[in-house]
Amino acid sequence: MGAAIALAQRGVGRTAPNPSVGCVIVRDGRVVGRGWTQAGGRPHAEAMALAMAGAAARGATAYVTLEPCAHVSARGPACADLLIAAGVARVVAAVGDPDPRTDGAGLASLAAAGIAVTAGVRAAEAEGPMAGFLSRLRRARPFITLKLAVSLDGSVALASGESQWITGPRARAHAHLERARADMILVGRGTLGADNPRLDVRLAGLEDRSPLMAVMSATDTGRPGMRHLANPAALAAVADADFVLAEGGAGLAASLVAADFVDRLLLYRAPILLGGRPALNAIGLPDLASAHGRWTPAPTIDLGADRLETYFRTR
């Protein structure tokens, strides 16, 4: 299952509105097939792994990060049907599929065909690459990461507004990797007007993974080709992006935090002091006590002189 989860990471930011799933097929202790959801959502991971395994899939065990789908679509057959036709002996699934078209029906059809089924294996880890898909079904919006580049004192710019560059080249390269793993980049009107950011991926070999662009503003519709979101609630209508990366400024960040829409927080912290503009406007907390217990830290990463701090919303 660990290998299947690693394979699922390959499709993050490229499969929406389908989840990025990984599949490994093992027979007699040897991997005979592996796959992950391809760009655009098809083929599914199971179809890719079964095509690689061929006849060796008969009698094998398939490890898959999400319950195999049970519904046939115009884009392809149901994965549960493919596994049954291939003659696998056992299916191990990490996460049940909350899509009402499957939601237990995939595992049930496998069991009805005489295939041994095990569910819930390493489910918490497997949810990571599918967090956006799961968020849309559970919370009716994409999974949202808020990225902030700050100084030690939490400033995002000098008092004059100068902000390029707070962090060094390694931290900025990592931020571009995060862009490559997002379906959409979201900025506020102030950032768009002050910095005129390109909002693309500038890493060699990953330029084609530049995500959709959007601006959040009550009035400004942004540049040609940009999506316009009037407020955080408009994210509920975004059906073609599972992962949204919000990149400043303080107004946008505050509106997302105040709406409790931030699922993951990336703080690229540079070892400098600015005494400048804060990263966040007021978010409407009633008291200090209500600020505690909201964020769970992940391990930090050193990026040259800078440090990346990652926090997940505690839910």
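Here are some numbered notes on the model above.

1. **Ground rules.** This is a predicted model, where local features need pLDDT of at least 70, side-chain atom pairs count only at pLDDT 80 or more, and totals for chains, interfaces and linings use all residues. Residues are numbered from 1 along each chain as its sequence is written, and side-chain values use heavy atoms, with hydrogens and water left out.

2. **Two domains.** The chain splits into domain 1 (1–132) and domain 2 (141–313), with bounds that come from an automatic or database domain assignment. Their centres, taken over C-alpha atoms, sit 33 Å apart. Across the divide, 13 residues of domain 1 are in contact (heavy atoms within 4.5 Å) with 13 residues of domain 2.

3. **What lies between them.** About 970 Å² is buried between domain 1 and domain 2, with carbon and sulfur atoms giving 47% of that. Buried area here is the accessible area (1.4 Å probe) that two parts lose on being put together, summed over both. Have a look for salt bridges (a side-chain nitrogen of Lys or Arg within 4 Å of a carboxyl oxygen of Asp or Glu) between the two domains: the count is zero.

4. Glu46 is found in helix α2 (residues 45–53); helices (H or I, at least four residues) and strands (E, at least two) are DSSP runs, numbered from the N terminus. Glu46 counts as buried because its relative accessibility is 4%; buried means under 20% relative accessible area, exposed over 50%, and partly exposed in between (1.4 Å probe, protein chains only). Leaving aside neighbours within four places in sequence, its contacts include Cys23, Val64 and Leu66.

5. **Thr65.** Now try strand β3 (residues 61–66), where Thr65 lies. Thr65 is buried too, at 1% relative accessibility. Not counting residues up to four places away in sequence, Thr65 touches Met1, Ala4 and Ile5, among others.

6. **Helix α7.** Among the buried residues of α7 are Ala171, His174 and Arg179. The cover over the buried residues of α7 includes β6 (143–150) and β8 (184–188).

7. **Salt bridges.** The structure holds 17 of them. Arg179 pairs with Glu247, with the closest N and O atoms 2.8 Å apart. That pair links distant parts of the chain, since Arg179 is in helix α7 and Glu247 in strand β11, 68 residues apart. Arg179 is buried at 9% relative accessible area, and Glu247 is buried at 10%.
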